[in-house]
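Subject: Structure handover

Hello,

Here is the structure that I am passing on to you. My notes on it follow below.

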Amino acid sequence: MAKKKNDYFKLMEEQVSYCVKAAELLEEIIENFSLDTINDYRAKMHEIERAGDDIHHDIVTKLTSEFITPIDQEDILRLVQLIDNITDALDEVVQDFYMYHVTKVTPDAVQLSKIVKKCVTAFGSVVSEMKNFKKPEGLKNHIQTVNLTESEADFVYTEAMHQLFASDADYRSLITNRVIYMSLEACCDMCEDAADVVEQVIIKNT
């Protein structure tokens, strides 16, 4: 009896779903920020990160015994690592809130969290569409959405930093808000980098 092949597109789609869940939770945390609930939220975020990590390891394990894959093994390995990095980065934003003992979030942080969710969701659509890589128009549209959303994040991040350092905020606020803004913007950068890799895979396989 022939060995059943693993559906790596489906596995990556499952993995990226945890990125999206993490981005949705991050927006909720920042919109409803409270010192009283940050530890509970940290635990919830870590559960999502750990579940995504489990799928990452499962995919890598399956690849070690697979000889034929729909795209090159090295491309799958690279993509699942990038997906894992995004989930880790979202988790790290919440850790930053805890480590720097943030007591109050700014409207700019709220706005950036919404853009992060939009960017991660768009990247989730990229991964979900990868199974149709031989007809890449839909994929290219989703990749463009990721790129445009990352540019939006760059603009908001730049303006937020400008306003922060033009204000009379105390030194502690400068440090903590700078870290939060940088961490949020980095999530969008990672989505764009991962989408660029998908685009390279399309070119390579069509």
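In which helix does glutamine 81 lie? Glutamine 81 lies in helix H3, residues 73-99. Helices here are DSSP runs of H or I with at least four residues, numbered from the N terminus.

Before the rest, two remarks on the basis of these notes. This is a predicted model, in which local features need pLDDT of at least 70 and side-chain atom pairs count only at pLDDT 80 or more, while totals for chains, interfaces and linings use all residues. Residues are numbered from 1 along each chain as its sequence is written, and side-chain values use heavy atoms, with hydrogens and water left out.

Single residues

Glutamine 81 has a relative accessible area of 35% and is therefore partly exposed (buried means under 20%, exposed over 50%, partly exposed in between, with a 1.4 Å probe and protein chains only).

Valine 156 is found in helix H5. Its relative accessible area is 7%, so valine 156 is buried. Not counting residues up to four places away in sequence, valine 156 touches Gln111, Leu112 and Ile115 (contact means heavy atoms within 4.5 Å). The C-alpha atoms of valine 156 and valine 146, 10 residues apart along the chain, are separated by 15 Å.

The nonpolar core

The largest nonpolar core has 70 residues; such a core is a set of buried Ala, Val, Leu, Ile, Met, Phe, Trp, Tyr and Cys residues joined through side-chain atoms within 4.5 Å. Met12 and Phe123 have the most contacts inside this core. At least two of its residues come from each of H1 (8-31), H2 (38-63), H3, H4, H5 and H6 (171-205). H1 supplies the largest share, 14 residues. Leaving aside neighbours within four places in sequence, methionine 12 is in contact with Ile59, Ile76, Leu79, Val80, Ile83, Val127 and Met130.

Helix packing

Two packed helices are described by the angle between their axes and the distance between the axes. The axes are lines fitted to C-alpha atoms, for helices over the stretch in contact, and the angles run from 0 to 180 degrees between N-to-C directions.

H4 (residues 107-129) and H5 (residues 137-166) pack at about 165°, with axes 9 Å apart. They are therefore roughly antiparallel (angles over 145 degrees count as roughly antiparallel, under 35 as roughly parallel, 65 to 115 as roughly perpendicular and the rest as oblique). Their crossing is left-handed, meaning that the near helix is turned anticlockwise from the far one by less than a right angle. The residues of this contact are 13 nonpolar, six polar and five charged. Here Ala, Val, Leu, Ile, Met, Phe, Trp, Tyr, Cys and Pro count as nonpolar, Asp, Glu, Lys and Arg as charged, and the others, Gly among them, as polar.

H4 and H6 pack at an angle of about 15°, with their axes 9 Å apart, and are therefore roughly parallel. This crossing is left-handed. Among the contact residues are Cys119 and Phe123 of H4, and Cys187, Cys188 and Cys191 of H6. By class, the contact has 17 nonpolar, one polar and one charged residues.

The axes of H5 and H6 come within 9 Å and cross at roughly 160°, which makes H5 roughly antiparallel to H6. The crossing is left-handed. The contact of H5 with H6 has 17 nonpolar, three polar and eight charged residues.

Regards
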